[in-house]
Structures are given as C-alpha cells and as structure tokens.
Amino acid sequence: MEQALVEICLRIRDLEATLDFYTNLFDFEVASHRKFPENKFDLVYLNSPGSSVQIELTYNYDADPYTVGDGFSHLGVTVGDLEKMHEICKASAYETGELKGLSGGTPSYFFVTDPDGYRIEVKRAK
C-alpha cells in the first residue's frame, strides 16, 4: 500500500503572528485559507518550497492557550545557508538557540520557537 505524509496540523492562537513567522522568517507560502466563521475557526494551509508536506494551521477564534505536549518535540526544516538563517532568526523577535553540532561536532542545526511555542529545528541542507 502506497502512503505519503501530506500534512501536519498545528493549533495556533494568533493567526497573523504565526503567518508572519512561517511566511516571512521562512519561505512558506499560503496555499489556501478557508474561513468558517459560523463555527469560529479558520484553516490555513502552508506549502514549503521543495516539500509536498503542508502545515495546516488551525485557528480557533475563542480558544484558550494551548499546551504544547511533552510527547511532541519539533518540526524540522533544511536551509542552504545555516549561518545566514541563524543570523536572520537571532535578529528577529523569536526565541533562537545557538548553533549546535551532534556530540560537539561541526554546527549543523539550531532551534527557533514560533509564536505558539512550537520549536522548529533548522538544519543544514546536505
């Protein structure tokens, strides 16, 4: 049976701030934005260049703050210039960790946190 991962859903509190994070800090593009005001929620689908997996942002209008579960760790993206992206993230308003390497090796990744507390691992493209 053929299978493919097609989307990852994140429940968010601030649609504008989250869209700013994913579309301006990273190069995600809004594929669609569906509004359901009668049910008090919006669905926004984001595409990442070079990937067929979408991020589905679920924005519930009147939701209480979400707790990011302790079983969920992070999303991962790759970039061509890790050091440049690290500087861009550090200059932003988003919490950005230091460059790190596995077992103290050559730096190959860092983490940045989105407006809802989801961590994004930014890795050097191979």
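Which residue caps the N-terminal end of H1? The legends below begin with that close-up.

**View 1. Asp-14 caps the N-terminal end of helix H1.** In this predicted model, local features need pLDDT of at least 70, side-chain atom pairs count only at pLDDT 80 or more, and totals for chains, interfaces and linings use all residues. Residues are numbered from 1 along each chain as its sequence is written, and side-chain values use heavy atoms, with hydrogens and water left out. A side-chain oxygen of Asp-14 lies 3.3 Å from the backbone nitrogen of Glu-16.

**View 2. Buried residues of helix H1 (residues 15-25).** Leu-15, Thr-18, Leu-19, Phe-21, Tyr-22 and Leu-25 are buried (under 20% relative accessible area; exposed is over 50% and partly exposed in between, with a 1.4 Å probe and protein chains only). Helices (H or I, at least four residues) and strands (E, at least two) are DSSP runs numbered from the N terminus.

**View 3. A salt bridge joins Lys-40 and Asp-62.** The N to O distance is 3.6 Å; a salt bridge requires a side-chain nitrogen of Lys or Arg within 4 Å of a carboxyl oxygen of Asp or Glu. Lys-40 lies in the loop between strands S2 (29-36) and S3 (41-47) and Asp-62 in the loop between S4 (54-60) and S5 (75-79), so the pair ties together parts 22 residues apart in sequence. Lys-40 is partly exposed, at 45% relative accessibility, whereas Asp-62 is exposed, at 60%.

**View 4. A salt bridge joins Arg-124 and Glu-83.** Their closest N and O atoms are 2.8 Å apart. The pair links strand S7 (residues 119-124), which holds Arg-124, with helix H2 (residues 82-91), which holds Glu-83, 41 residues apart. Arg-124 is partly exposed at 31% relative accessible area, and Glu-83 is partly exposed at 36% relative accessibility.

Note on methods:
Polar contact = N/O pair within 3.5 Å; in protein donor to acceptor, adjacent residues only side chain to side chain.
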